[in-house]
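Q: Hi, could you walk me through this one? I'd like to start with a single residue and then zoom out.

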Amino acid sequence: MNTPDIFHHNRVILTHFDSYSAALLFPRWEKSLLWPAALPDAATPMPSPAVIEPAFSGSAVKLALVQRCGLNPDELKRVNEFNHWAQTESGPVRIHLLRFTSFEAPKAAIRALGGEFKPISLLRGSAMSELLLLREVFNLIVGAGGN
């Protein structure tokens, strides 16, 4: 699957955790918290498939995101413990979590892509399904002491 097509069945949540201030930030792209687009309205949660096909590979999605957005791959870590899927009319969609490991959130890079970093408390107005995913991210990262 080539880079432009991989995001048809994959979405990404990006986050940055500042362990010094305990600030967990997420970029919002217009109204969506998922990159490159929100899930379709009719999407419903589904269990993870027993076999994950290459089209849903976390490393392939990270590589595609880095190539498309010009992000530094050394400053992005895939959080493997986050494993969410949605069923859509066009098939399953895997939602990946990538965390920036840089000292500061790359606000300029995200702004250049049309997004803006915000704490979860300022993301009201986003889709409830996306906010529930962020709550799980919050519990996963902050609950693990930021690691």
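Q: Where does E30 lie?
A: E30 lies in the loop between β2 and β3. Strands here are DSSP runs of E with at least two residues, helices are runs of H or I with at least four, and both are numbered from the N terminus.

Q: Is that residue buried or exposed?
A: E30 counts as exposed, because its relative accessibility is 75%. The cut-offs are under 20% relative accessible area for buried, over 50% for exposed and partly exposed in between, with a 1.4 Å probe and protein chains only.

Q: And what about phi of E30?
A: Phi of E30 is near 55°, a positive value in a residue other than glycine.

Q: Before I go on, what kind of model is this?
A: This is a predicted model: local features need pLDDT of at least 70, side-chain atom pairs count only at pLDDT 80 or more, and totals for chains, interfaces and linings use all residues. Residues are numbered from 1 along each chain as its sequence is written, and side-chain values use heavy atoms, leaving out hydrogens and water.

Q: Where is confidence lowest, and where is it highest?
A: Helix α1 (residues 3-6) is lowest, at a mean of 67, and strand β6 (residues 91-100) is highest, at 97. The mean pLDDT of the protein is 91, and 95% of its residues reach 70 or more; pLDDT is the predictor's confidence in each residue, from 0 to 100.

Q: What about S59, where is its place?
A: S59 sits in helix α2 (residues 58-69). S59 counts as exposed because its relative accessibility is 56%. Its C-alpha atom is separated by 24 Å from that of P40, 19 residues apart along the chain.

Q: And overall, what share of residues is buried?
A: Of the 147 residues, 43% count as buried.

Q: Last one: what share of contacts join residues at least 24 apart?
A: That share is 74% among contacts between residues at least 6 apart in sequence, where contact means heavy atoms within 4.5 Å. Along its principal axes, the C-alpha trace spans about 40 × 30 × 30 Å.
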